[in-house]
Amino acid sequence: MKDLFSLQPKPVEAKPVVEEPETQPDESVAEEPAQSGTRFSVGIDLGTTHCVLSYADLNNIDDEEFSPLVMAIPQLTSPGSVEDKQQLPSFLYQAHAAELAEDSTSLPWAAKPNYLVGEIARNLGSKTPIRLVSSAKSWLCHAGVDCKAPILPAEAPEDVERVSPFQATTAYLQHMCDAWRSLHPEAPLNQQDVVITVPASFDPAARELTVEAARAVGLDQAILLEEPQAALYSWIEKSHGDWRKQAEVGDIILVIDIGGGTTDLSLIAVTQQEGNLELTRVAVGDHILLGGDNMDLALAYTVKAKLEKDGKRLEPWQVQALTHSCRDAKEKLFTHADIDNIPLVVASRGSSLIGGTLRSELTREEVNRVLVEGFLPKVSVSDRPISRPRTGLRTAGLPYAQDAGITRHLAAFLAKQQGATDELKDINLPEHASFLHPTAVLFNGGVLKADTLAERLMEVLNSWLSAEQAPEARLLEGADLDLAVARGAAYYGYVRKGKGVRIKGGTAASYYVGIESAMPAVPGMAPEIQALCIAPFGMEEGTQQELPDDEFGLVIGEPVRFRFFASNTRREDKVGTRLDYWTNEELDELDEIEITLPEENRRPGEVIPVHLCAAVTEVGTLELQAVSQKDNGRWKIEFDVRAGE
Amino acid sequence: MNNYVIDLTLKPTTFDLWHVCLAGTVAVLALILIVLLLAMVISLARRKPEIQPAAPAPAPEPIVKVVEKIVEVEKLVHAPVPEPVVLKEATPDAALQLLGLLQKEARFIDFIKEDIAAYGDADIGVAARVVHEGCNKAINEHFTLATVRNEQEGSKITLPQGFDAAAVRLTGNIVGTAPFTGTLVHKGWQVTGISLPKLTAGHNAAIVAPAEVEL
């Protein structure tokens, strides 16, 4: 019996294995076969409502034949049962100690996981929302909260243990890492090329937190990619080289990504360089918290109103159940053009099924009215999203979009980015244009699987274009709307090896710090503030910019804070540009950044002259440093100082 | 003294050294016999522990020893791999599991257990939608179903010699020899793929629907 393990083949162990995973918290790694080094390109779509992991074997790739697989992620679906699913719902459930039976939460790799994530979290949370953590990703880029403070679930009573948005993100990543390890024990994930996608609208702090979460699970090598870019990569990969025929020089591709919880917009220009097609991401939109979940909820409330008109009162759990059946009904109505209404039933919770069941129906007319007209209204390109002043009491919630009209958000985006392509000579906008004219559209996100919605979106966009005598935009076919981001991310890992076309991008915004201008104090007036550009638009990965002429005196041991701004329209500003005046639309204020000079080797209270330096890391995050004028000492400036004080 | 008679009933009247030697020899011989017998039983028991001969009474201890040995062997195998959690294979609990799935998705047991005689068709129809929709979802998610025969029901088909009698059932006027020609009455169903959830060690499959208490 002792010979059982000597069956292990050991043919190629002549060379000593140099790269042993350093701090892998892995017990089974002792039997690691000789296979080491990078074998897979792994893409992780860390979505607001779902996570997907896609991977491709780099050793088995022939030219133009890249076929990524999607990993089936084992996860608990209800207490005691484990199923493999392609998507891991991004939910975390904080179960009560007495809630679940002993041994009913084990996974193939852990008898008692630290957190319940995935399908089980969503299922348990649908009945006990006070213990459910959802949309952790949206919290990551929510200005004004400390993402490492235990604040979720936001609505939970006192004795529910809370987690931070950062911890929740780490838990989803950890689950996928563990799943990977149980499925590919021979290829540790921390030795593969890992690409994690983030919304293009993620601010520097949110990107930094995502990278930090990846490091917390041992993925030190993971790099970031913007989701709309990933979607375009996936389209390129799926076209098997044919994309060069479908896209032409001068094209502006509008990527519209409507997911479960967010809408993300990006513009990518097609230009030419020495006869080769080049792709440049020229603009990204704001983070809009508006997506498919809003649509399901809108339908549920429509049906609820209908039921209430008949004198039936609905309890919260019934609305919840109604939302689920509305989602299914919506999908059926969208896929079957011949059905005009779908009956909806909400079964009673007790064991008596007949009698206590609530019945209603959803008609095509309602779906069109609520979804098509409500979310994709026919508006003119000069329309803008309506924003009302928030009525108090909204301290602890996410900043959901106030206007559900996605087309209005789109109009605002295209008009705001009118100048996005000014510097590209291959792209010529007519002079009378009042917005940037896209020539092609790529869809992403489950919502746009519904042809009715996709067609409406194209119809509205094309009506704007034809009003300005521009040719209609064409839809790029062949996208896989649910899995494209993860697949594209895996493909990006391959592209980074020098294969295939790479989208140029750089930072999606220019960044500024606020400095008080030197002028005499006026009683009753706050001192005027200037915005000093520290990182220009489109800064490439792996570059850095210094600002030696602007000095700041920093006091040792005392935290110093700067107001921090970003602009996704001011492309012409160089490092060192000072703005005295700007409109609210031009500059968005982000969270303050903070720097504390450590006391080592220096006297507390001493003032050190420093200048600022901005760098974009290879990983894809922005890094700010203060550099001492005297001895070139460098200190990192922290983004994540949202600590609620 | 010409006829030599041995009277076994005789008891020695004297007890001399000769008698002591005799008694000693008997005792030693008996001991050797017992030891030999014991050794034989032990060696037999070791060789084939599963075929226990009707062991004589004086050998209970060796059996206990053998059992201990087996336990040790099992421990040896388990020792190097304690970490991976063993998920029970679904097979023994599969029926219960399916019931649980149908109840969860389709309220199947609620529906079957309800006395439908008291309700009108309209009410039953509403509930049937819940059951149908849920069963459809549960079955499609966990089973891949295909028809056995792809022909249109009602059409004439011919079965060659050696057809799979488990997959196609003949009825009616079964006479003669293959090939048989007849009407396809039912196209048949077969499960081509099955993926039931795996169960954790602490899962009680007999609870097909837990009682629910709202606090």
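# A guided tour of a two-chain model

Begin by selecting β5(A) and strand β5 of chain B (residues 198-199), which pair in the antiparallel sense over two bridges; helices (H or I, at least four residues) and strands (E, at least two) are DSSP runs, numbered from the N terminus, and two strands pair if DSSP finds at least two bridges between them. The model is predicted: local features need pLDDT of at least 70 and side-chain atom pairs count only at pLDDT 80 or more, while totals for chains, interfaces and linings use all residues. Residues are numbered from 1 along each chain as its sequence is written, and chains are lettered from A and ligands numbered from 1 in the order in which they are written.

**Stop 1**

Strands of a sheet pair through backbone hydrogen bonds, either parallel or antiparallel.

**Stop 1: the contact between the chains**

Select the residues at which the chains touch: chain A gives 30 residues and chain B gives 28 residues. Two residues are in contact if their C-beta atoms, placed from the backbone, lie within 7 Å. On the side of chain A that touches chain B, the elements giving two or more residues are β5 (81-85) and β15 (341-346) of chain A. The largest share of that side, three residues, comes from β5(A). By class, this side of chain A has 14 nonpolar, 10 polar and six charged residues. Here Ala, Val, Leu, Ile, Met, Phe, Trp, Tyr, Cys and Pro count as nonpolar, Asp, Glu, Lys and Arg as charged, and the others, Gly among them, as polar.

**Stop 2: the domains of chain A**

Colour chain A by domain: domain 1 (35-224), domain 2 (243-288 + 402-503), domain 3 (292-375) and domain 4 (510-637). These bounds come from an automatic or database domain assignment. The C-alpha centres of domain 3 of chain A and domain 4 of chain A lie 52 Å apart.

**Stop 3: two helix pairs**

Select helix α3 (residues 165-183) and helix α4 (residues 204-216) of chain A, whose axes come within 9 Å and cross at roughly 50°. That angle makes α3(A) oblique to α4(A); angles under 35 degrees count as roughly parallel, over 145 as roughly antiparallel, 65 to 115 as roughly perpendicular and the rest as oblique. Among the residues that meet here are A:F166 and A:L173 in α3(A), and A:L209 and A:A213 in α4(A). The contact of α3(A) with α4(A) divides into six nonpolar, three polar and no charged residues.

Move to helix α5 (residues 227-238) and helix α12 (residues 484-495) of chain A, which pack at an angle of about 75° with their axes 7 Å apart. α5(A) and α12(A) are therefore roughly perpendicular to each other. The residues that meet include A:Y233 and A:E237 in α5(A), and A:R487 and A:Y491 in α12(A). By class, the contact of α5(A) with α12(A) has 10 nonpolar, two polar and three charged residues.

**Stop 4: strand β20 and its partners**

Select strand β20 (residues 510-516) of chain A with strand β23 (residues 560-567) of chain A: the two pair in the antiparallel sense over five bridges. β20(A) also pairs with strand β21 (residues 529-535) of chain A, in the antiparallel sense over six bridges. Centre the view on A:Y512, which stands opposite A:F565 in β23(A) and opposite A:C533 in β21(A).

**Stop 5: backbone details in loops**

Select A:L152 and A:P153, joined by a cis peptide bond with omega about -5°. A:P153 is in the loop between α2 (136-140) and α3 of chain A. In chain B, a cis peptide bond joins B:A178 and B:P179, with omega about 0°. B:P179 is in the loop between β2 (156-159) and β3 (180-183) of chain B. Finally, select A:Q469, a residue other than glycine with a positive phi, near 55°. A:Q469 is found in the loop between α11 (451-467) and β18 (474-475) of chain A.

How values were computed: Axes are lines fitted to C-alpha atoms, for helices over the stretch in contact, and angles run from 0 to 180 degrees between N-to-C directions.
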